[in-house]
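Hello,

Here is the structure you will be working with. Please open it first, then read my notes below.

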Amino acid sequence: MTTHNRTYTWIWIYLLGLTGIELVLAYQHVFTPGMMMLVLMLLSLAKAGMIMNWFMHLGSERVTFVLTLLPPLVLVLSLMFAIFPDAFRLFQLGTH
Amino acid sequence: MMNSGLASENWNGGGSPYAVGHKKLGMWLFLVSDSLTFGSLLISCMYARTASSNWPTPFPMWPSIAFASLMTFCLLTSSLTMAFAVAASKRGDRAAAVKFILLTILGGVAFLVLHAREWLHLIDEGVRPWSNPWGSPLFGASFFGLTGLHMFHVFSGVVYLGVIALGTRNGKRSHEDVEVCGLYWHFVDLVWMFIFPLIYLMSVSPK
């Protein structure tokens, strides 16, 4: 097995491990829903980072390329959260 | 002709800033825009969930979460075999590349079959895009919308992989085609890494 394939296999094992952690958290109902969402999103971001860096080998592309692709994506996705506080407001108004 | 000669003399600086082929650049741009499609669906799903007091939590650990975990395993493993396929194609070992692409297709098909089973199960329980027996009617729209779009991506990916596998076997497809196809497949896997926790793990039914 080549060095690359060994790296890929380790990434696969890590990804499965992180998924396992998520499953245990869900099974045990450790956190409140809000906290759970935050923890799951952080774990998912870690997994997405590993997939992009190694499987999609973004880490070995030019920095210019990465800087063209990722910051606008992060910015636009963050902007989508701008209306999110409204979700809590509706709930607290008791409109249901 | 004189004008174009002058132009190329005056504006021939820069060269290729990204040092990637046009196919790879095109695929990455598509994936970034596709991330926004999935991002908006996931965020609106989270929004609807946060804003409603009766969001259903219908998934028991057995069988729903167990099957969804198995689906995650299928996709992750197919990503691994895709990485192997790209590495084999890079070495110039076309037979191994085709073998690994076929294994990737197998993972994708297993995912589709398991997911179709899950859909039928939920439809059988009375979940519709506009209503469900448990609570907020938006649950069905979110679930079918998100997982349906993702399933469509997996299905398109399986077709795409099939085309690339055939082309690689015939020697009509280059290494770059395999690599670009790999990018698409890994992205489909990446998106599932967000859908699985948000749709399934956030909605595990209480013990």
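A:Trp10 and A:Tyr14 are both in helix 1 of chain A, 4 residues apart, which is about one turn of the helix. Please keep in mind that this is a predicted model.

A pair of aromatic rings is described by the distance of the centres and the angle of the planes. For A:Trp10 and A:Tyr14 the ring centres are 6.0 Å apart and the planes are at 35°, so this pair is tilted. A:Trp10 is partly exposed, with a relative accessible area of 46%, and A:Tyr14 is partly exposed, also at 46%.

Helix 1 of chain A covers residues 3–28 and spans 38 Å from its first C-alpha to its last, close to the 38 Å expected. Its buried residues include A:Tyr8, A:Trp12 and A:Leu15. The buried residues of this helix pack against helix 2 of chain A, and against helix 3 and helix 6 of chain B. After helix 1 comes A:His29, with a positive phi near 50°.

Next, the core. The largest nonpolar core has 90 residues, and A:Met56, B:Ile101, B:Trp192 and B:Tyr200 touch the most other members. Helix 6 of chain B gives the most to this core, 18 residues. Leaving out residues up to four places away in sequence, A:Met56 touches A:Ile51 and several residues of chain B, among them B:Trp28, B:Leu183 and B:Phe187.

Last, the rings of chain B. One aromatic cluster includes B:Trp55, B:Phe111, B:Trp192 and B:Tyr200. The charged end of B:Arg117 sits over the ring of B:Phe67, 3.9 Å from its centre. B:Lys99 lies over the face of B:Phe100, at 4.9 Å from the ring centre.

Regards

Definitions and conventions: Residues numbered from 1 in each chain as written. Chains lettered and ligands numbered in written order. Predicted model: local features only at pLDDT ≥ 70, side-chain atom pairs only at ≥ 80, totals over all residues. Heavy atoms only, no water. Helix = DSSP H or I, 4+ residues; strand = E, 2+ residues; numbered from the N terminus. Expected span 1.5 Å × (residues − 1). Buried < 20%, exposed > 50% of the residue type's maximum accessible area, 1.4 Å probe, protein only. Contact = heavy atoms within 4.5 Å. Core = buried A, V, L, I, M, F, W, Y, C linked by side-chain atoms within 4.5 Å. Phe/Tyr/Trp six-rings, centres within 6.5 Å; stacked < 30°, edge-to-face > 60°. Lys NZ or Arg CZ within 6 Å of the ring centre and 35° of its normal.
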